[in-house]
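Please keep the sequence and the three-dimensional view at hand while reading.

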Amino acid sequence: VTRAHVVIVGAGFGGISAARALRGANADVLVVDRRNYHLFQPLLYQVASGLLDPSEIAQPVRTLLRHQRNADVRMNEVRAIDLERRVVRTDAGDLPYDHLIVAAGAVTNHFGNRDIAAHTLALKGLNDALTLRGEVLERFERAAECADERERRRLLTFVIAGAGPTGVEFAGALCELFSHLLPKDFPRLDFAPVRVILIEGRNRVLEAFRPRLAAKAEEVLRRRGVEMVFGRRVVGADERGIRLDDGTRIESATVIWTAGVRASWLGEQLTEKVGRLGRVAVRPTLQLAGHDEVQVIGDMAELGDRGEVLPMLAPVAIQQGEHAGRNVIAQLGGGAATPFRYRDKGTMATVGRNHAVVQLGPIRLSGFIGWLMWLFVHLLYIITFRSKAVVLLNWAWNYIFYDRPARLITEISPDIGTDTSNEEATR
Ligand SMILES: Cc1cc2nc3c(=O)[nH]c(=O)nc-3n(C[C@H](O)[C@H](O)[C@H](O)COP(=O)(O)OP(=O)(O)OC[C@H]3O[C@@H](n4cnc5c(N)ncnc54)[C@H](O)[C@@H]3O)c2cc1C
């Protein structure tokens, strides 16, 4: 009897938890990812702001699955999925499957604006974070040698577009870097012109949070020196800066785009009609309509039938991964897939040192207690013990000495896979 082949596309939160749920299943599990590592995206901004090193938030997929005897790993780019022939097409050939779990996550969404894509920096992958870290530090090197005052101001103006958790967390981290650390590295540079500007199309930060918590976060950000512009969208970008929808221009050498993500373009391979933000409307069981052998999970999936759209969050992907694995096991045993139920783990965002906002069912926390909870939960989810220990050590070091030791400028190209680059690739 030949064993069933289960192919999992993506080794992110969803893919890894699906693979682990299939431990011991009577099937060969193959995890395919274009990268050789699993990335803990919630702490990416700490790499971008010089606090953590890449290996602390990313682990080789092969290491994570090395004790799972029925699992194998491929580092390949998935280019297409042929649902009729049941094969995943990669840059290194076809991978046949009996069961497929698609967990390719999301990409930065520039809403198709090529100028914005070309002149802003993203924060989605490890290379993005390292690029961003290098660019931010490089601006200070240039400013230190710049005689022209206007240009120095431009170099020292940092714009963040999008005040969701990523924008807010990065703004807080930049302020800490600029107020405590870089003045020591650049004692002769005047820091008065340094600006961090957060731009948000809606009328407040952290739209997913209760207004009261968001207001607290805003207050802390303002106190720490972040300027906030609400009700305005960035509609254009060039080498000199950005343009807002009311015509205002902001001269800035560094614009960070955290205004949105959209599901991987692989979704378009699975259905002709993708939902909002490119997500695939799956059945309550996570299965693709008309294809019991295919499940779509995590950022790529949009639950359709119950009218419920789950947020693009790590706990959703993790729980769906576990569920998808269990569904495959049930199907292998001759049973049927069961509907997925999400256990809400709440949301949280830190605004920097000593302050985070937490929303967990009826519980709402902010300030120091929220921050401790944020630290605890993030530490809990970091995948290996070694990373937990090193991250904790780095946090403690930073807390006591205000130090962000990973302040290296390295030559890196940003991650592939933004909305505009994929659009070109699939043409
Ligand atoms: C900066 C940032 C901060 C975040 N902070 C939080 C937070 O604090 N809390 C929270 O709950 N969530 C947070 N999220 C969201 C969370 O990371 C995602 O919801 C989660 O990662 C989704 O899991 P996934 O398995 O669907 O996709 P991912 O974890 O993104 O994994 C997708 C995988 O698929 C691979 N892949 C994609 N396309 C291909 C291809 N064509 N071929 C081969 N491989 C491919 C990718 O390399 C990747 O490894 C954050 C996201 C970002 C970007």
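A search of this predicted model over the whole structure returns zero disulfides. By way of background, a disulfide is a covalent bond that joins the sulfur atoms of two cysteines. Two cysteines may be considered individually. Cys146 has a relative accessibility of 16%, and because buried means under 20% relative accessible area, Cys146 counts as buried. Cys175 is likewise buried, its relative accessible area being 7%.

Attention may now turn to a pair of helices. Helix H6 spans residues 126-144 and helix H8 spans residues 165-185; their axes come within 13 Å and cross at roughly 40°. The two helices are therefore oblique to each other, and their crossing is right-handed. On the H6 side, the contact is made by Leu132, Val136, Leu137 and Phe140. H8 contributes Phe170, Leu174, Leu177, Phe178 and Leu182. The residues of this contact comprise nine nonpolar, no polar and no charged.

A further element to examine is helix H1, residues 13-21. How enclosed is helix H1 by the rest of the structure? Seven of its nine residues are buried, so H1 is largely enclosed. The buried residues of H1 are Phe13, Gly14, Gly15, Ile16, Ser17, Ala18 and Ala19.

How values were computed
Residues numbered from 1 in each chain as written. Predicted model: local features only at pLDDT ≥ 70, side-chain atom pairs only at ≥ 80, totals over all residues. Heavy atoms only, no water. Axes fitted to C-alpha atoms, helices over the stretch in contact; angles between N-to-C directions. Helix = DSSP H or I, 4+ residues; strand = E, 2+ residues; numbered from the N terminus. Parallel < 35°, antiparallel > 145°, perpendicular 65-115°, else oblique. Left-handed = near helix turned anticlockwise from the far one by under 90°. Contact = heavy atoms within 4.5 Å. Nonpolar A, V, L, I, M, F, W, Y, C, P; charged D, E, K, R; others polar. Disulfide = S-S within 2.5 Å. Buried < 20%, exposed > 50% of the residue type's maximum accessible area, 1.4 Å probe, protein only.
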